[in-house]
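Please open the model in your viewer and keep the selection panel at hand.

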Amino acid sequence: MVKAIKILLIEDDVNLSDNIVGFLQDFADVTAVADGLDGEFEAQEAPYDLIISDLMLPGESGLEVIKNIRDNHIETPVLILTAKTSLDDKIEGFNVGADDYLTKPFHREELLVRVKALLRRSGVYSEDNTIAVGDVLINLENRGVQVHGKPVKLVGKEFDILTYLSQNKNIIVTRDQIFDRIWGIDSDTTINVVNIYLNNLRRKLEAVGQSGLIKTLRNIGFILEVPDAQDNQSKETN
């Protein structure tokens, strides 16, 4: 089963990295790399919901990683995790595009609180573990989907695709991004499997009156489009 939330950890302290992965593994899928260059490559090649990065890294500093991904229009939230505690270091981190800054040593509980806060801000996470988009309510805990309160039966990858598109509502997502996120860049499956599952998902949504929820932009990608007013109304009624 693919967890809904994916986090990239860039940390060269192996023991600390293992501890963070172990602590967060029940909450999210965490990919850990120990080099700034590897971290930048991962951030640009695979879709993540959050990046946690040290500043002092081999290969390329955390500041360079953040600056380079921002220059490439990657807006993934970034939490800096570092031993650098001066105000100048914090200001520099925010200036290159970081969203939060946590100094070492830290309490694991505070790390989780900050992670959840950033994910809430980007719309990926909610305290009740649900995502509401229009008339659709997605329960991340039991992997259930309801439309107007009635259940819609989705199989594994159908649910994962709907969740991913919902977490990126009103944002164009390419077929490559869906494939990398759901199947993984190392998968032996061909990318055409995305079309198969998307077609199945669309048919099930159409059967419950959601025919226009997922739109195809020819030669560009897909978008789950929900007007803000409709989205807010759904949240209020749920």
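On a 1 Å grid over the protein atoms alone, a pocket is an open set of points where a 1.4 Å probe fits, with protein on both sides within 12 Å along at least five of seven lines, and its lining residues have an atom within 4 Å of a point. Grid points are joined across faces, edges and corners, and a volume is the space filled by probe spheres set on the points. The model is predicted, so to read it with care note that local features need pLDDT of at least 70 and side-chain atom pairs count only at pLDDT 80 or more, whereas totals for chains, interfaces and linings use all residues. Residues are numbered from 1 along each chain as its sequence is written, and side-chain values use heavy atoms, with hydrogens and water left out.

**The largest pocket**

Begin with the largest pocket, which holds about 630 Å³ of space. Select Tyr48, Thr76, Tyr164, Asn168 and Gln177, which are the closest to its centre among the 26 residues that line it. By class, the lining has 11 nonpolar, 8 polar and 7 charged residues, where Ala, Val, Leu, Ile, Met, Phe, Trp, Tyr, Cys and Pro count as nonpolar, Asp, Glu, Lys and Arg as charged, and the others, Gly among them, as polar. Now colour the helices and strands, which are DSSP runs (H or I of at least four residues for helices, E of at least two for strands) numbered from the N terminus. At least two lining residues come from each of helix H2 (36–45), helix H6 (156–167) and helix H7 (175–182), and H7 gives the most, with 4 residues.

**The parallel sheet**

Next, show the open sheet of 5 strands, whose order is E2-E1-E3-E4-E5 with parallel pairing; two strands pair if DSSP finds at least two bridges between them. Strand E2 (29–33) and strand E5 (100–103) are at the edges and have a single partner strand each, so one side of each is left without a neighbour in the sheet. Within the sheet, strand E1 (residues 6–10) runs parallel to strand E3 (residues 50–53) and is joined to it by 4 bridges; select isoleucine 7 to find its bridge partner in E3, leucine 50.

**From E5 to the helix pair**

In the loop between E5 and H5, stop at proline 105, which a cis peptide bond joins to lysine 104, with omega about -5 degrees. Then select helix H1 (residues 14–24) and helix H5 (residues 108–121), which pack at an angle of about 60 degrees with their axes 11 Å apart. Axes are lines fitted to C-alpha atoms, for helices over the stretch in contact, and angles run from 0 to 180 degrees between N-to-C directions. In this pair, Ile20, Phe23 and Leu24 of H1 meet Arg108, Glu109, Leu111 and Leu112 of H5, contact being heavy atoms within 4.5 Å.

**The antiparallel sheet**

Which order do the strands of the open sheet of 4 strands have? The order is E6-E7-E8-E9, with antiparallel pairing, and the twist averages 25 degrees from one strand to the next. Strand E8 (residues 144–147) and E9 run antiparallel and are joined by 3 bridges, with valine 152 in E9 as the bridge partner of valine 145. In the loop between E8 and E9, select histidine 148, which has a positive phi of about 55 degrees although it is not a glycine. Finish with H6, which lies across E6, strand E7 (136–139) and E8, running at about 115 degrees to E7.
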